[in-house]
Each structure stands twice: as structure tokens, then as C-alpha cells.
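I opened this notebook page to record a few residue-level look-ups. The entries below follow the order in which I made them.

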Amino acid sequence: MTAPLIFRKGLDLKHEVAHVLAESYHSDLVTTIKQSGYRYTAGRLTLHLAREFGFCYGVDRAVDYAYQARKRFPKQAVYLTGEIIHNPHVNEQLRAQGIRFLTDRGESLDSLTASDVVILPAFGITIELLQQLESRGCTLVDTTCGSVLNVWKNVKRYADEGFTSIIHGKYWHEETQATASQAMRAGRGHYLVVLDRREATLACDYIRQGGDRDGFLRNFEHAVSPGFDPDVHLARVGCANQTTMLSSESLEIGEMFRHAIRDRYGEAEANTRFRAFDTICSATQDRQDAVIALLQEQALDLMIVIGGYNSSNTCNLARICAGQLPTYHIADAECLTSAAAIRHKPVGVSQEKTASDWLPSAPVTVGLTSGASTPDNIVADVIRRLEHLANQA
Ligand code: SF4
């Protein structure tokens, strides 16, 4: 079987798709606001935008390559393995281009042939899925972000050096599943995924004094590599993270493991048993830093965070804000039902809820940011809707 064709650096059609991308995702209003100091006033509404928000470099590239793939292979079936990024509007736009989703009802990996084209998402896919696609001879357009590849490089190194990868992430998230598959390095390595400080504490306590092995494995049933034994595989650990986690929490979790290893094995040995590499991507870090700065610099009445409800980095932006002021994580402008009602996803809750009396009736100052998978035209729709609701008679 001949090796499948893999495009990793685009398909030489950047200029040909540029106008469609601009029409689909750009906003003149947002550009103007950026040029005006990220501030916008309209009647009794004052808006302050975070200095970094919206599409990151990885998402920009992934969407660009998807459009290029569609143009380059007009007569072939072009698939995505699933959502290219976690934004429903972007995924719908791609469907409108005729790009199919392997996760849709009726689609199947088994029906793929060598004439099909498959786009791999920005957050990567598991080694197992890659092998399945390669075995079918599909042409692949790999949009895996360089920052995700950097995480893979680190967990592969951990596996080579006999370290178990501790991945701060969501075990069900595609990026973490892909990273976990890399951490196993052809069956040689192991991993443990910890979601938050609580789970990190469970693992750190086990490092310090051992405990109920079966209970531990039940707790982390979906979050460990096959054959993982906490009595064996927590003796040498290397920390990494899903690129979109809350940076401050990731750093804290790394320190928790460092201390646990030191407490168990002593300071001198800790150096040979603990590794850490901050793999939060710079785009995530910049967006988190920008929203923290916005909260410090401006006296805001409330915060609007725009992005898909399953977007990890957007949820973390909302988490940062919700600790300080009323915060509404919304998917799009339609969530702003009226000045009296807003549909939003509260932090830590998976279901959308409706809040009432969210928009103060006096002059109001609103902070705004959006996740790395939210295009500027969605942000602009929200701004126009806010302007309308704040100033209606
Ligand atoms: S959030 Fe970071 S890792 Fe993910 S696609 Fe964007 S730049 Fe890449």
C-alpha cells in the first residue's frame, strides 16, 4: 500500500480562500474598536474589550486549511474527523461548504476510501485514529496546532525516559485523548489525567502514603492508561497539560506533584523523579492575561464571554471573570434575549440557563472577551445586540 498523501503546511491556496474567510469570520466593527483603544461607547453603554481575544493562530490556520482543502479537492468527499474547533458557527459554515463530519449519523470510518480527503482538527487526533485513516489510504490535511505538537513532544520524552505523564486536562476532550495516546509511546509509557486540584490531591496523597489501590483506579477509571498501577507508575512523573486549561491552576498542580514526590522520596531524589513543562499555549495564556488585566484596569458592571459551551479555553475565561463580577458565558447574540433575560452557561454547569435582570438600567459598563475559537463576526453581532438592548426606550 502506498503511503497516504499528508498536507501539513497548507495546500497553496491561501490567497484563493482569503476573501471567503474574511466574509465569513471578519468584522470591520471589531477592527475599528481595536483601533480605538478597545473601547466602544453607544448611548448609555460603554464596552471594554480585552486586549487579546478571539481566533488564535492555531484556529486561524485550521480553518484556513479546511477551506483550502475544499477548494483543492472540489470533486472528492472532504471530511472532518469531528468538530474542527469548538464553535458551532464555524462548524456550520464548514458544513455549508460541503465538508462532511465523520461523527455525524450515517457517516463511518469504515466507508472511507483512498479517494476521500480527511481534515485533522487543530487539537489533533489519537495515534489509533491516525493509523486507521492511513490504512484506508485517505489524503490527510493535518491542521494539528504547533502548540499541541509541543505537548506531544514532551509527553513522548517522558515516556522515553520512563516517566508517567500527568496530564492536567479533561479526559474526554479530544486534545487530551490525543496527547494521552502519544504518552503511551507504542505501549511503553503511562499517563494519568487530572481535571483539577481535587483530583491532583487524590493522586498526590497516593504518592505520599499509598492507599486503596482499587479505589484509586475506580476514581480514575477513564483517566489512566491501560495497565496503570498507582503503586508502580506514580514513582516518576512528568507534568504536562491540555493547552487550554487555566494556567494558574496548571502551575499549581505541577507544584503539588513536585511537593508530593519530594515528600515521598526526599529533595535529592525528587530531581530524578519529577519533570514539568508548562504546555499551556501562548494564545491561551495571552487571552487569560488580557482578561485579568481588563478586570484590574476597568470598573465593570458585568462581563460577557463569548464562545462555544464545550470550548475549554472559553470556559476558563468565564471562570476567571466569574470569581470577580457577574459573568455571562454566551454562545452568540441570540443568547441576549432581552434586557431582562439572558441565556448563558454558568461556570461549572453544563446546561444553559436563563438569568433575569442582567442588564442594569443606569449607564452600564460591560467587559467583553471571546474564546480562541470564536470569530470576530460573532463578537460584532453581540456588540450590536448589546447596544440595541442597552439603548432601547
Ligand atoms: S488554543 Fe492554543 S493550542 Fe489550541 S489551537 Fe489555539 S493556539 Fe493552538
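Predicted model: local features only at pLDDT ≥ 70, side-chain atom pairs only at ≥ 80, totals over all residues.

I looked for disulfides and counted zero. I then asked how far the sulfur of cysteine 204 lies from the closest cysteine sulfur. That closest sulfur belongs to cysteine 239, at 8.1 Å, which is too far for a bond. A disulfide requires the two sulfur atoms to be within 2.5 Å. I repeated the look-up from cysteine 239, and its closest cysteine sulfur is that of cysteine 204.

I located alanine 240 in strand S10, which covers residues 237–241. Its relative accessibility is 3%, so I noted alanine 240 as buried. I listed its contacts beyond four places in sequence: Val151, Val155, Tyr158, Ile166, Ile167, His168, Phe277 and Thr279. For histidine 168 I also looked up the C-alpha separation from alanine 240, which is 6.4 Å, although the two residues are 72 residues apart along the chain.

I found serine 247 in helix H11, which comprises residues 247–265. Serine 247 counts as buried because its relative accessibility is 6%, and the limit for that class is under 20%. Which residues does serine 247 touch, not counting those up to four places away in sequence? I recorded Ile280, Gln285 and Gln288.

Key: Residues numbered from 1 in each chain as written. Heavy atoms only, no water. Helix = DSSP H or I, 4+ residues; strand = E, 2+ residues; numbered from the N terminus. Buried < 20%, exposed > 50% of the residue type's maximum accessible area, 1.4 Å probe, protein only. Contact = heavy atoms within 4.5 Å.
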